[in-house]
Amino acid sequence: MHSLTFLSPEANYTKTEQQIIEFICQNPSSFLTLSISQLARRLEVSDATISRFARHAGYDDFKELKAAAARAFEGTGPAEKLKGSISSHSSLGLDSFLSFQQTCIRKTLELIDRKAFSQAVSTLCQASVIFIHGKGASRSMAQLLAFRLRRFGKTICLVPSGGSELFEELSQAKQGDAVLTFGFQKLPRESRILLKEGKAAGCSTILFTSTLFAETEPSADIQLFVYRGEPEEYHSMAAAAAVVDALILEMASSLGDEAVERLSRLHNMKKRYSQELPG
């Protein structure tokens, strides 16, 4: 289970406590500014539940928990930088926005499950066919991943974003294939169907998500966490693209000569026909 560094790693957190941790992960600056009563109302739990969580996390009370959180966030910068990012219209600008993206990437690096990442690399390298799906802004990530992996000689099926056409592709899935979808804050209905039917067909399933503890139904075999900012903020794909690129590079390393040979063939074809098809 993921945990923030200032929380006791030995504790066996309840489902409600995991929701509190999820809120802290997704809303660090808000957490530092809310009182115990405000936080309880926001999460629709009692003040006593928050107090018990603080003690369970290794602190005497909520005030001591917040102080530890403030120190931890000060070290990596997310709290202050988030306060001065997109949510504050007066601070809009290139420097502020890129600083915010650095925070998102740093927080992703802190919280992503390294074992899950390695499993994703292995699963995609071994898959016979990779079904990739993204909806809305996530479509750009799906297209990037599909484009890069085709260059390695992988058989890719870029699943339509929505509608009944989705089933035309999904019906071809079989054991030994992999299904990868982007869900982030809210899992689209299409992603739920992909995960459900992928599992039924015997595929390995991979989900890019922005939640650490929120349960998805059905769950994915592998979940890759990406931090994209607090819920009320503009959500950029910078951290997601960084994880996608890292996944691609790690796969290239794992595939070795196979990937190099495919790319060399592509380069030679482009060179051979450069006069006929420039660009």
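## Surface and core of a predicted model

Tyr-273 is partly exposed, with a relative accessible area of 39% (buried means under 20%, exposed over 50%, partly exposed in between, with a 1.4 Å probe and protein chains only). The model is predicted, so local features need pLDDT of at least 70 and side-chain atom pairs pLDDT 80 or more, while totals for chains, interfaces and linings use all residues. Residues are numbered from 1 along each chain, and side-chain values use heavy atoms, without hydrogens and water.

Tyr-273 is found in the segment after helix H13 (257-272) (helices are DSSP runs of H or I with at least four residues, strands are E runs of at least two, numbered from the N terminus).

Ser-236, in the loop between strand S5 (222-225) and H12, is buried. A polar atom of its side chain lies 3.0 Å from the backbone nitrogen of Ala-238.

| Residue | Relative accessible area | Class |
|---|---|---|
| Ser-236 | 12% | buried |
| Tyr-273 | 39% | partly exposed |

The largest nonpolar core has 67 residues (buried Ala, Val, Leu, Ile, Met, Phe, Trp, Tyr and Cys joined through side-chain atoms within 4.5 Å). Phe-6, Phe-31, Leu-65, Ile-132, Phe-182 and Phe-208 touch the most other members. Helix H12 (residues 238-255) gives the most to this core, 9 residues. Apart from this core lies another, of 10 residues, including Phe-131 and Cys-203.

Beyond its neighbours within four places in sequence, Phe-31 is in contact with residues including Phe-23, Leu-39 and Leu-65 (contact means heavy atoms within 4.5 Å).

Terms used. Polar contact = N/O pair within 3.5 Å; in protein donor to acceptor, adjacent residues only side chain to side chain.
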